[in-house]
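Please view the sequence and the structure together before reading on.

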Amino acid sequence: MQTLALRSNDATAHIFLGTVLAATERDAVIEAYRRLVVDGASPNPRALHRLAVLTGEGPSTLAAAPDYVRDVFDELADTFEEKLVSHLSYRVPWDLYEAVHDVVCPPPLEGGWRVMDLGSGTGLCGRIFREYVWGISDIDGSEARAKRESTTTVLAPSGGAMLGCDLSRKMVAKARESGDYTEVRVQEVHEALRQEKAGSLNMILSADTFIYVGQLDECFALVSQALRKGGLFAFSIEELMEKGRGRDGQHLAAAINTTALSPSSAKHEEDTAMVPEFCLMSSGRYAQTHAYILRLLAAYGLELRAYVEVQIRKESTIPVPGKIYVAEKPGA
């Protein structure tokens, strides 16, 4: 069992959660969270999100509320990269780069691409994908870093831009400090995409952002609209296995049984548990099936160029399975 602490003004409620709760335990936990929501003098986005995990009710079953994401990542901003990379074996931005590099090889060393980083965080993707905008690589090597350090004042080639967006003001401040972005906005991903002119972007990146957005239909529609012909959409998901099991054999029924099914749920069943196309997991994050991603790509006119199975991160030393995709908007 683990202890989860949620703050409501100066009061702290300690609630014990297990992977699978008995009915009486689950009811008690739900009631405790409801009290936090009702009794608090101000909104408690974490309690509301946890209620969605346990009850399958409310809009948070489709996507995390902006206030919840903002609260979590404002708190994590100062130690985000160290904890994620050093302690959780996080490699998604680097894996994403390798997948894109395999599709567009050699990369455009002259730079000049317009790139949008959805959920930019502290700016890892801006750093790693720098060459597509600036024509300078910055991938884990002294020679690459030396090139970057000697050219930090060089403007992006004509037409090039590295655009970022994130809900956390503290994360945005970190990304701006990196110097790898031409603009970073405090903005939700759908809003950021809507502001782009149709066909204005060469590439759209999303590294671990969709673990906070379950239903992706609107996002894929906006991505397709914003990409120019031949543009790339490179993104990662935490994978929800169609047969209800993670790659490590852990059954997902506990999370599924306490979560509302997506309106377009796939009709796969195992052990009487219906597996949806996406799901709000017991971790509080969202996972999507491979079949769901393929359906969305086809529905919004994007062609799959590559995908690869990856380890998204570790949780309690257990690898979390995911996939990285690179899709292209057809045309010259």
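Is R70 buried, partly exposed or exposed? R70 counts as partly exposed, because its relative accessibility is 27%; buried means under 20% relative accessible area, exposed over 50%, and partly exposed in between (1.4 Å probe, protein chains only).

## Basis of the model

The model is predicted: local features need pLDDT of at least 70, side-chain atom pairs count only at pLDDT 80 or more, and totals for chains, interfaces and linings use all residues. Residues are numbered from 1 along each chain as its sequence is written, and side-chain values use heavy atoms, with hydrogens and water left out.

## Overall architecture

The protein chain contains 13 helices and 13 strands, taken as DSSP runs numbered from the N terminus (helices H or I, at least four residues; strands E, at least two). Of its 332 residues, 52% count as buried. Among contacts (heavy atoms within 4.5 Å) with a separation of 6 or more, 66% involve residues 24 or more positions apart.

## Salt bridges

The whole structure holds 17 salt bridges, each a side-chain nitrogen of Lys or Arg within 4 Å of a carboxyl oxygen of Asp or Glu. R70 pairs with D67, with 2.7 Å between the closest N and O atoms. Both residues belong to helix α3 (residues 66-76) and are three residues apart, about one turn of the helix. D67 is partly exposed, because its relative accessibility is 47%.

E328 and R305 also form a salt bridge, at 2.4 Å from N to O. This pair links distant parts of the chain, with E328 in strand β13 (residues 318-328) and R305 in strand β12, 23 residues apart. E328 counts as buried at 16% relative accessibility, whereas R305 is partly exposed at 41%. Shared partners join the salt bridges of R114, E183, R185 and E196 into one network.

## Cysteines

The structure has zero disulfides, a disulfide being a pair of cysteine sulfur atoms within 2.5 Å. C165 is in no disulfide, and the nearest cysteine sulfur, that of C219, is 9.2 Å away. C165 is buried, with a relative accessible area of 1%. C125 is buried as well, at 3%.

## Backbone at D208

D208 lies in the loop between β6 (201-206) and α11 (217-226). Phi of D208 is near 65°, a positive value in a residue other than glycine. Most residues other than glycine have a negative phi. D208 counts as buried, because its relative accessibility is 11%.
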